[in-house]
Amino acid sequence: IMAEGAGAGPRLAELLAVGRRLWEEVENGAEPSSGAPAVQDKVRQGLEALQRAAAMVAQLYLFSENEELEEIASADLKYLLLPALLGSMTLKQVDMSRRLEHLESARAHFWRFLKLCRSYGLGKFHLPPAAAGSPGEEDAGSPAPRGPAAAQASLVAMAMSRQAKIERHNQKKELENRLASMRTCVESGQADEDQIREFYILQIQKWINTSLEEIESIDQEMVILRSRATAKQSSAPPHGPARPARTPLKPFILTRNAAQAKVFGAGYPGLPTMTVDDWYEQRGKQGVVSAQAVPQRAPGVTDEEMQKQQQEKKEEEDDEEALQKARSWDDWKDTHPRGYGNRQNMG
């Protein structure tokens, strides 16, 4: 079914013309930034026109992978460019929060265009995989080689890829020159059917090279964006209850027991006093000191007795050298009275 013969031809041709004109204005525009509101408004309008045209082409069944290129009417060849134009216009959106989504959509448009062109025999090229990162049709199901042979094969593949890029670049320049010389004749309506057909086929071949370049660039950018997203997720703090903010301590006098607290409190009324037990209890409530770290004091036990108990426990758990040192100290105290050697206050 031909587009013009289906009654919707003029409307479809108009949608394609509007979409292509807006694409050219954005591509060759004089705006300093692609994010300018006027530019993005043209991108939005162009995408809408091209999407409507692509939907009409699908309803009319203009193209099929089972037919030959000669079966397509010359006037319908230009509609083959719709997926490529859609892919290129999709890339011109500047919303970075949806950049990965736009890249995936544009890649799908370019890939459908290339697949349709290859089914019609328009150009000789290697069809990229349908999705970024997935193996190609020729590589699907075959294990990846390893070792020196794999390294050599990788170098050969890189050299071939570089050579293919050079050939595509040269072919693109040649196609652009031929299209420029034919454009005036076709657009003025002076060209015959053969010239019109050749003009559209040259345009399709030019967009094949552009689509291959764009897919390669998209795949590289998608790798970068996904690695950034993975890095952000790994560096993000684990989702859990947030720890309560610690209340800063005000200046105070730390005393050994309640008796000292009364003495220092009377002498320094400007600073509050706090015993060791009170300090442990307060810090334990704030979560700074665990409950296991708070010393447990039996009722009626004084600080001196508690210190003595801790020393005895330490001596029991200590090594032989510490035990021997404690015994020597006890022996020394037996033969030396308290205050021995203090002669400063004697006449």
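Reader: At 38% relative accessibility, how does E104 count: buried, partly exposed or exposed?

Author: Buried means under 20% relative accessible area, exposed over 50%, and partly exposed lies in between (1.4 Å probe, protein chains only). E104 therefore counts as partly exposed, at 38%. This is a predicted model: local features need pLDDT of at least 70, side-chain atom pairs count only at pLDDT 80 or more, and totals for chains, interfaces and linings use all residues. Residues are numbered from 1 along each chain as its sequence is written, and side-chain values use heavy atoms, leaving out hydrogens and water.

Reader: Which residue forms a salt bridge with E104?

Author: Side chains of opposite charge can pair when their charged atoms come close. The cut-off for a salt bridge is a side-chain nitrogen of Lys or Arg within 4 Å of a carboxyl oxygen of Asp or Glu. E104 pairs with R226, with the closest N and O atoms 3.1 Å apart. E104 sits in helix 4 (residues 99-119) and R226 in helix 6 (residues 193-235), so this pair, 122 residues apart, links distant parts of the chain. Helices here are DSSP runs of H or I, at least four residues, numbered from the N terminus. R226 is partly exposed too, at 37%.

Reader: How far apart in helix 5 are R183 and E187?

Author: An α-helix has 3.6 residues a turn, so residues three or four places apart point the same way. R183 and E187 are 4 residues apart in helix 5 (residues 148-187), about one helical turn. Their salt bridge has its closest N and O atoms 3.5 Å apart. R183 is partly exposed at 30%, whereas E187 is exposed at 58%.

Reader: Which helix is mostly covered?

Author: Helix 3 (residues 82-91): 10 of its 10 residues are buried.

How values were computed:
Helix = DSSP H or I, 4+ residues; strand = E, 2+ residues; numbered from the N terminus.
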